[in-house]
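Look at the model first, then follow the questions.

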Amino acid sequence: MDRRKFLKKAAAVTAGVAAAGAVSSAPVRAGNKIRWRMVTSWPPGFPILQTGAERFAKRVEEMSGGRLAIHVFAGGELVPPLGVFDAVSQGSVQCGHSAAYYWAGKCPAAQWFTTVPFGLDAQGINSWLYFGGGLKLWEEVYAKFNLVPRPAGNTGVQMGGWFNRKIESIDDFKGLKMRIPGLGGKVISKAGGVVVLLPGGEIYTSLERGVIDATEWVGPAHDLRMGFQRVAKYYYTPGWHEPGSVLELCINKKAYDSLPADLKIVVDAAAAELNVQMLSEFETANAAGLEKLRADKKVQILSFPPEVMNKLRQYAEETVNEVAASDKTAKKVNDAFQKFRKQLYGWNRISEKAYYDKIMG
Ligand code: CA
């Protein structure tokens, strides 16, 4: 996913809403019924992400017997796509659906609750969040912003990106112009690449005209919708920079705390349901998308060579440590994350990895 795309798509709508200034603070109560508003970072109707957020709202209403109703607004309909954090934090709306790494500028530690390069996959980060102390840390970090976080979706392992130059050694990144945001971008810079920032709407033509040589996006399902298969020769795996990005439900802390105990459980349960369903939907849609891409036979699907992966891993480690060293909270979160990762990898090496190595060769 890419915030710029959402920003661009939503810009027109946002301007109108901002002018109207139509944001009030408290949840509306009518008798027994509580009404919340949810804002998201996704364009209207955006598959899996926006449709998932809407399904969450529907489930909350059903599970609460209609006592908690959530009206969902897509990015830009009420606040800008990247205004989610502030709107929920300030209480202008009660909750939001987005991704924590978008808030790195306000809270560097937030990135660890979405994904870090060479970090945990979806199963691993869910284990960390639910049972390894990760969610407790996330709650601690977000409490300062008057927010309660819940994991509410995961992209699964993303793809490494679309390239018009073959990557055969780490030197092939030298001078390579790539659109890749966040920590992944910092890693590419270390490898000698030129990170180009582009709004989502401009990536396709930039790749087509050679303004950039490569771009990452998400996975086959969303990438094919962008049309990258028509303007790139190589589709590289794996998405080392986003091995399983968590989507977040962020709730205004006052709004959450004021819910009766049973409605808190409803919200938590619906978030957990969305968390597993969104990952499942991503996996299903990506598998179908990949099959379609393979059938077209126009794009070569390649793996980064082991030597390249080793170098990227080294640069990623340096990058993550540098970012963690710059912020006390980020360091605390990174320490906990790395400790858990090390322990989990010990197990995964003889469980998941051993299994897939054996069955897939
Ligand atoms: Ca991505």
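Q: What makes two residues a contact here?
A: Contact means heavy atoms within 4.5 Å. By that cut-off asparagine 154 touches residues including Ala122, Ile125, Gly244, Val246 and Phe282, not counting residues up to four places away in sequence.

Q: How do you know how far to trust this predicted model?
A: pLDDT is the predictor's confidence in each residue, from 0 to 100. The mean pLDDT of the chain is 92. Of its residues, 91% reach 70 or more.

Q: Where does pLDDT stay under 50?
A: Over residues 10-23. The model has 16 contacts for them beyond four places in sequence. Where pLDDT is low, the predicted coordinates should not be read in detail.

Q: Why is asparagine 154 called buried?
A: Buried means under 20% relative accessible area. Asparagine 154 has 0%, so the residue is buried.

Q: Which strand holds asparagine 154, and how many residues of S5 are buried?
A: Asparagine 154 lies in strand S5, residues 147-154. In S5, 8 of 8 residues are buried.

Q: Why does valine 246 count as buried?
A: Its relative accessibility is 1%, under the 20% limit, so valine 246 is buried. Valine 246 touches residues including Phe113, Leu129, Trp138 and Asn154, not counting residues up to four places away in sequence.

Q: What makes Gln158 a donor of the calcium ion?
A: For Ca, donors are N, O and S atoms within 3.2 Å. The protein donors lie 2.2 to 2.9 Å from the ion, so they meet that limit. Among them are Gln158 (OE1), Trp217 (O) and Glu242 (OE). Along the chain the donors follow the spacing Q-x57-E-W-x24-E.

Q: Why does the pair tryptophan 217 and glutamate 242 tie together parts that are apart in sequence?
A: Tryptophan 217 lies in the loop between strand S9 (214-215) and helix H8 (220-226). Glutamate 242 lies in the loop between strand S10 (234-237) and strand S11 (246-252). So the pair links parts that are 25 residues apart in sequence. Both residues are buried.

Q: How do you know that S2 and S3 pair?
A: 6 bridges join S2 (residues 33-40) to S3, and at least two are needed, so the strands pair. They run parallel. Arginine 37 has histidine 71 in S3 as its bridge partner. From S2 the chain crosses through helix H2 (residues 49-63) to S3, and this β-α-β crossover is right-handed.

Q: Why is proline 43 called buried?
A: Its relative accessible area is 4%, under 20%, so proline 43 is buried. Proline 43 sits in the loop between S2 and H2. Phenylalanine 73 is 30 residues from proline 43 in sequence and 9.4 Å away in space, C-alpha to C-alpha.

Conventions: Residues are numbered from 1 along each chain as its sequence is written. This is a predicted model: local features need pLDDT of at least 70, side-chain atom pairs count only at pLDDT 80 or more; totals for chains, interfaces and linings use all residues. Side-chain values use heavy atoms; hydrogens and water are left out. Helices (H or I, at least four residues) and strands (E, at least two) are DSSP runs, numbered from the N terminus. A crossover is right-handed if, with the strands pointing away from the viewer, the path from the first strand over the helix to the second runs clockwise. Donors are N, O and S atoms within 2.8 Å of the metal (3.2 Å for Na, K and Ca); water is not among the atoms, so sites may look incomplete. Buried means under 20% relative accessible area, exposed over 50%, partly exposed in between (1.4 Å probe, protein chains only).
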